[in-house]
Amino acid sequence: MFYVCRVQFFSRAYHYYIHSFEGLRREVWMLAAVTFVNRAGTMVVPFLSLYLTKDMGLSMEQVGWIMSCFGLGSVLGSWLGGKLTDRFGFYDVMIGALVASGIAFILLQFVQGFVPFCFGIFALTLVSDTFRPAIFVALRAYAKPENRTRAVTLIRLAINLGFSLGPAIGGLIIAGLGYSGLFWVDGITCLVAVGIMLYWLPRKQAQQNDQATRSTATRSPYSDGPYWLFLLTMVLISVPFLQYFSTIPLFYSEVHNLSETYIGVLLGLNGLLIFLIEMPLIKFCEDRKFDLYRILLISVVLFALSFAVLNWFPVIGFLWVGMTLMTVGEMLNFPFMNRFAYDRSDQGPPGAYMALFTMSWSVAHIFGHTLGLNLIAQFGYTSTWYIMAGIMVLAMGLLVVLKRMMESELTN
């Protein structure tokens, strides 16, 4: 009897998982394929600090400045991508970004010296991150309004799979071809992504979808008060979240004495849970029409708890609990934050709206890692985790204010 019940449970879970992907247009799947190839090919980034220190002989301080240039290029590239998308359409911007990124990756291996590499990495991220607002606008054009959240979730799944596969392949390439091989493969995969777009997403059809879904509303995102509050909330949520991929691995190593292999497995839990659960979880929330702000508040509570349990229960077992809480919070938060940005972009130029959205993530990257490291140096891990939990509480307060602003806007 127990065996039969278990088989029925897994059978239902499997069918629900498969069903959660249904209803998405072929073009959305093609965008996911382009994203997967592009992200799997971005192998230089995870090994960048090693390349700069071991291969180029730069100091850690110099590496820090280069990473700042990386972040600055990302912010300006996102802004530029939004501007270009609103003027020329998402298709041409995506193609241009991929071609320019492919060339930039290949050329970057020939750049030597600290200052030239600062300019080189800035130029690379400037051209490559024009892609980000464009693909969000492309999803807006191809996905049905009721499927926007799941379409974003599919892209997130492609990004996670690409980032999981990329470093593994990158390590093999370094062993066989050296670091120069990474730059060549990164550049070539960008051009492969261009080929996928040109073959599976014809330009004429893309332009028709773009024109058909363009909003006639003219509200500027720069004068949209609720949207700016939303962006501030996004930054506050993202800064603590990023600690799980910068300072928390140090915490695992220095406080709990975990090996690199154990840390890798622990971090891998994030990608595994996203792959197995995120799409069915999003479908479950949408099917039951849960309130958007309630979902976001619950997600931020989970984020805050993921830091608190590290202090409340200082044992290795609760590191897994913290990672699980953070991952479930991530799965509930980012797709629905994307949905809010999409819905708000119906009020004006979508490229500009989605550019500001992607820029908020880049801003969090610029300040998040440095903030975490400095807090740990000044106050230690325990206080830092409480501060991160406190930032999440502040974000919860802003979400409540945002909800009231949106309700007031609807009644006026």
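A salt bridge here is a side-chain nitrogen of Lys or Arg within 4 Å of a carboxyl oxygen of Asp or Glu. With that in hand, welcome to a few close-up views of this predicted model.

**View 1. Arg-156 and Glu-278 join two helices through a salt bridge.** The N to O distance between these two side chains is 2.8 Å, inside the 4 Å cut-off. Arg-156 sits in helix H8 (residues 148-177) and Glu-278 in helix H13 (residues 260-287), so the pair ties together parts that are 122 residues apart in sequence. Are the two partners buried or exposed? Both Arg-156 and Glu-278 are buried.

**View 2. Lys-283 and Asp-287 pair within helix H13.** Their side chains meet in a salt bridge, at 3.2 Å from N to O. The two residues are 4 apart in H13, about one turn of the helix.

**View 3. Asp-129 forms a salt bridge with Arg-132.** The closest N and O atoms of this pair are 3.1 Å apart. Asp-129 is buried, and Arg-132 is buried too.

**View 4. Six side chains are linked in a network of salt bridges.** Which residues take part in this network? They are Arg-140, Arg-148, Glu-286, Arg-339, Asp-343 and Asp-346. As background for this view, side chains of opposite charge can pair when their charged atoms come close. For the model as a whole, the count comes to 15 salt bridges.

View 5. Two packed helices are described by the angle between their axes and the distance between the axes. The crossing is right-handed. Sorted by class, the contact of H12 with H16 has 7 nonpolar, 2 polar and 1 charged residues.

**View 6. Ala-377 is an exposed residue of helix H16.** The helix that holds Ala-377 spans residues 350-411. The relative accessible area of Ala-377 is 63%. From Ala-377 to Trp-184, the C-alpha to C-alpha distance is 38 Å, and the two residues are 193 apart in sequence.

Terms used. Residues numbered from 1 in each chain as written. Predicted model: local features only at pLDDT ≥ 70, side-chain atom pairs only at ≥ 80, totals over all residues. Heavy atoms only, no water. Buried < 20%, exposed > 50% of the residue type's maximum accessible area, 1.4 Å probe, protein only. Left-handed = near helix turned anticlockwise from the far one by under 90°. Nonpolar A, V, L, I, M, F, W, Y, C, P; charged D, E, K, R; others polar.
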